[in-house]
Amino acid sequence: MRYAMAIDTKKCVGCSDCVVACQTENNVPIGYARDWVVEVVSGQYPTNLELEIRSERCNHCDNTPCVRCCPTGASHIVEGGIVLVTHNECIGCGACIQSCPYDARYPHPEGYVDKCTFCVHRLNEGLKPACVSVCPTKCMYFGDLDDENSDVSKIIESRKWKTLAPEAGTQPQIYFLV
Amino acid sequence: MKEELIISGRNIPNIDPYLHIWHWQIPIYLFLGGLAAGILFFAALFTIRGKSEQWNTAVKITPIFAPLALVLGLFALFLDLKHKLYFWQLYTTIRLESPMSWGAWVLMLVSPISFVWVASYLKEITPKIWTNSKIVNLLIKILIKPVENSEINWEWKWKFVRNFEKFIQNNRVGLAWITIVASVILGVYTGILLSAFNARPLWNTSLLGILFLTSGFSTAAALNMWLSKNPEERKLFSRFDIVLIIIELFLIVHMFMGFLASTEVQIEAANLFLGGEFTISFWVFVVGIGLVIPLIIEILELKGFHVPVAIPAIMILIGGLIFRFVMVDAGQITRYLY
């Protein structure tokens with residue numbers, strides 16, 4: 001079982017509903033965010049001006065630098081490839097924050113390090129993550145990559161996609177459909 | 001043109017706009033750790049080579065600073081933790097792929113060794129330990145009892161401590177071998193720790209481990225040179241320092257050559273030092289005051305010009321400290337994205 005997410009950048013409008021839904025669902029402190037929206041403007045008017053909007057979060061990588069650098073094992077990988085942090089094993093040293101190329105982790109005010117969990121508490125009840133559930137343009141797909149009939153697997157087969165900073169060697173599992 | 005912005009209003013303290021999660025506590029610890037590693041390395045090296053009487057400052061006196069540096073460094077590390085009450089979790093497991101875990105355990109090994117080293121020479125360093133202050137004497141009396149003797153007027157209170165002291169004094173070379181290995185690991189792991197974070201292009205170079213090791217040994221050689229009252233010993237450490245500084249300069253040049261021949265993120269990282277905001281603090285303070293000027297002074301000293309030894313020593317120590325501050329601060333600014 002390998003959970004992954006595919007996000008269609010051509011349909012994302014940058015409404016940030018995913019950000020607010022995550023903050024509400026996971027009691028994220030004010031000012032902090034487990035996911036965020038990035039807007040990339042490139043090119044020159046009028047020839048080749050382009051806009052890409054991405055909703056980013058922890059990529060739950062296959063080759064996680066954060067789990068590798070954690071001195072206590074608080075950062076660990078569970079069934080499905082989801083990267084989680086055990087709060088009372090985390091000492092707040094910040095090594096995982098230094099090792100994440102996506103700046104996906106943040107120090108929670110209570111002391112431990114926190115990040116997107118793919119809403120594992122919702123997955124256990126058969127629901128999708130909060131961000132995927134509220135997206136108004138339905139541009140986010142979530143599922144099991146090992147299951148060839150899941151919508152994630154099918155959309156990855158049929159569309160061009162890219163991942164973020166593949167040169168960092170982390171094998172991220174969020175695919176941005178371009 | 002390419003503009004990449006976070007438009008959903010993320011403003012996480014210490015993460016936005018630039019990562020700055022490690023503050024002054026980490027560079028202070030890196031400096032003190034490197035210094036302690038170097039002090040113990042030289043002490044152990046001369047013990048193994050049988051020169052503990054000839055270079056007695058390096059083997060007996062300077063190691064007093066090792067436990068002091070380690071305790072202060074560990075306290076700085078503890079202050080840096082954000083989930084302080086759980087610090088003991090570090091010692092419930094060892095994770096071989098995490099350099100921070102190696103560091104926690106190596107410190108656990110080196111700190112007692114440094115205390116034992118100093119304690120085993122205490123009778124030679126302070127044969128008359130009692131002071132004029134009643135309070136200090138009371139504290140000393142926790143471990144030590146007075147003894148009628150014209151030469152050494154104290155003895156350890158407990159028998160197992162006396163037996164342990166005899167055991168250490170009979171096995172100094174064995175302890176020295178363990179100390180040499182542990183001190184090299186301590187000196188090099190701080191650089192390996194930073195280089196393991198592949199998300200920070202400035203740190204992600206395999207030269208960083210050996211560079212930090214050389215820098216730590218150089219600061220320890222400078223301290224030995226400063227503290228020694230024996231001109232032969234000062235000359236020896238002056239020569240060690242000259243070699244270590246030349247190696248350090250070579251490694252720094254190589255590190256920048258490596259960055260400039262690497263990918264775009266490494267070139268951007270190098271540009272922070274080649275015209276960017278860290279140019280002056282690195283080339284003037286770390287390389288100029290911390291390496292080149294002491295090198296020139298020490299070479300002149302060997303040729304006969306007399307310079308007070310405190311000057312190059314203090315410059316090297318300050319250069320080592322600022323080097324770590326600059327590396328930790330600049331490294332967190334470098335990144336792959338945005």
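Mentor: Two residues are in contact if their C-beta atoms, placed from the backbone, lie within 7 Å. This is a predicted model, in which local features need pLDDT of at least 70 and side-chain atom pairs count only at pLDDT 80 or more, while totals for chains, interfaces and linings use all residues. Residues are numbered from 1 along each chain as its sequence is written, and chains are lettered from A in the order in which they are written.

Trainee: How many residues of chain A are in contact with chain B?

Mentor: On the side of chain A there are 45 residues, in contact with 38 residues of chain B. Strand S2 (36-42) of chain A gives seven residues, the largest share of that side, where strands are DSSP runs of E of at least two residues and helices runs of H or I of at least four, numbered from the N terminus.

Trainee: In which sense do S2(A) and strand S1 (residues 2-6) of chain B pair, parallel or antiparallel?

Mentor: Strands pair if DSSP finds at least two bridges between them; here S2(A) and S1(B) pair in the antiparallel sense over five bridges, and A:Glu39 stands opposite B:Leu5.

Trainee: How are two packed helices described?

Mentor: They are described by the angle between their axes and the distance between the axes. Axes are lines fitted to C-alpha atoms, for helices over the stretch in contact, with angles from 0 to 180 degrees between N-to-C directions. For helix H10 (residues 231-260) and helix H12 (residues 279-303) of chain B, the axes come within 10 Å and cross at roughly 145°. Among the residues making the contact are B:Ile245 of H10(B) and B:Leu295 of H12(B).
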